[in-house]
Amino acid sequence: MSSRITAAHIAIIGLGGLGCPAAAALVRCGIGKLTLVDPDTVELSNLPRQHLHTEADLGRTKVQSAADSLAELASETSIATIDTALTRENAAKLFKLTDFVIDATDGVSTKLLINDISIATGTPYCYAGVVGFCGQTMVVTPDTACLRCLFPDFADAEEAASCEEAGIIGPVAGLFGAMQAVLALEYLTNQRRNVGRLVSYDGLTERWSNISVPISASCRGCSDAAGQGPRPKERTGAWTT
Amino acid sequence: MKVQVLFFASLRELAGTHASQIVVEDGATVADLWGVLCARHPAVEPMSTSVSFAVNQEYTDRDHPLADGDEVALIPPVSGGCCAEADTDAC
């Protein structure tokens, strides 16, 4: 097993349909440390697609439920939990301590927060979104396009398809959560042909798309970094809750 | 000239199809194509500010000139990831 994997620290933001399969895959691969972030508790409606939680976990925090399940899968991985919502302040502290972040959240504002703090701290991360039978994912690094380059009006896109309104097919979330784990492992082992590329899937047509996304000179998120080389990676500070 | 249009995610639902061959004038741009699509599928028009475009698997802006035979993918942002009941009518 690569020492880059066993030494790596990954933060997973959201322990739902994306975060559960991503966390399970990373633990089984021997990742060194996971920090799980989610303020929610386990509800009955979560169980069909959030496989780290069971009926016995109803009412428990998702992060503690997931941590217990992950410890049974592989005890070698160190697991930390944060059961509060992600904010600009706590995200900056956490991201500086991690090698990679997985955005397994639901909702535009949190996704843009993760994107912006990732850029500010120079921490690579993997965006993903799923709705119905469709999903998309992209790895953002200090020298690639970011989510705001890809969707300049994401923040204003009330019609942005969210599973909250449109529903989600569990296996599609499982597929994309597993893909996020794959992309994280690729990055950690210096295999980066997929970074900065948007991968989309439509289950009803069995169609995949893999698109190269350039840095936008007018991007509000990262234009300062465009043409100036990789954004700096700060690795200081301590996480406290 | 003819281009092949692929609709992803909510755009497929709004357009009522996953793919369509569209005839546009020579010299047409991606923006011109979007105008044709909005006229043919008015339900997609509210996505005008948020949709992204890829021509032959490369992200492009709206000024990009099209060529005969191009494949144009229309990709809306997707934000879901952790919640809600399954709805097989969605997407």
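**Chain A, first look**

I counted the secondary structure of chain A and got eight helices and eight strands; helices (H or I, at least four residues) and strands (E, at least two) are DSSP runs, numbered from the N terminus. A reminder to myself: this is a predicted model, where local features need pLDDT of at least 70, side-chain atom pairs count only at pLDDT 80 or more, and totals for chains, interfaces and linings use all residues. Residues are numbered from 1 along each chain as its sequence is written, chains are lettered from A and ligands numbered from 1 in the order in which they are written, and side-chain values use heavy atoms, with hydrogens and water left out.

Next I checked burial: of the 241 residues in chain A, 57% are buried. Buried means under 20% relative accessible area, exposed over 50%, and partly exposed in between (1.4 Å probe, protein chains only). I also looked at contacts (heavy atoms within 4.5 Å). Among those in chain A between residues at least 6 apart in sequence, 69% join residues at least 24 apart.

**The cores**

I then looked for nonpolar cores, meaning sets of buried Ala, Val, Leu, Ile, Met, Phe, Trp, Tyr and Cys residues joined through side-chain atoms within 4.5 Å. The largest has 42 residues, and A:Ile10, A:Leu26 and A:Ile102 are among those with the most contacts inside it. Elements of chain A that give two or more residues to this core include β1 (9-13), α2 (19-28), β4 (100-103) and β7. Helix α8(A) gives the most, with ten residues. A second, separate core of 40 residues includes A:Leu94, A:Cys134, A:Leu147 and B:Ala9.

Why is β7 of chain A largely enclosed by the rest of the structure? Five of its six residues (197-202) are buried, so the strand is mostly covered. Strand β6 (residues 134-140) pairs with β7(A) in the antiparallel sense over four bridges, and A:Thr137 has A:Val199 as its bridge partner in β7(A). β7(A) and β8(A) also run antiparallel, joined by six bridges, with A:Asp202 opposite A:Arg207. Their hairpin has four residues between the strands, and there A:Glu206 takes a positive phi near 50°.

**A buried lysine**

Is A:Lys111 buried or exposed? I found this residue in helix α5 (residues 108-121) of chain A, and it is buried because its relative accessible area is 0%. A polar atom of its side chain lies 2.9 Å from the backbone oxygen of A:Thr105. Leaving aside neighbours within four places in sequence, the contacts of A:Lys111 include A:Asp103, A:Tyr127, B:Val78, B:Ser79 and B:Gly80.

**Cysteines**

A:Cys219 sits in the segment after β8 (207-212) of chain A and is buried at 3%. Beyond its neighbours within four places in sequence, A:Cys219 is in contact with A:Cys146, A:Arg148 and A:Cys149, and A:Cys149 is itself buried at 2%. I also noted that A:Cys219 and A:Pro152 are 67 residues apart in sequence and 6.9 Å apart in space, C-alpha to C-alpha.

Terms used:
Two strands pair if DSSP finds at least two bridges between them. A polar contact is a pair of N or O atoms within 3.5 Å; within protein, one must be able to donate a hydrogen and the other to accept it, and residues adjacent in sequence count only if both atoms are side-chain atoms.
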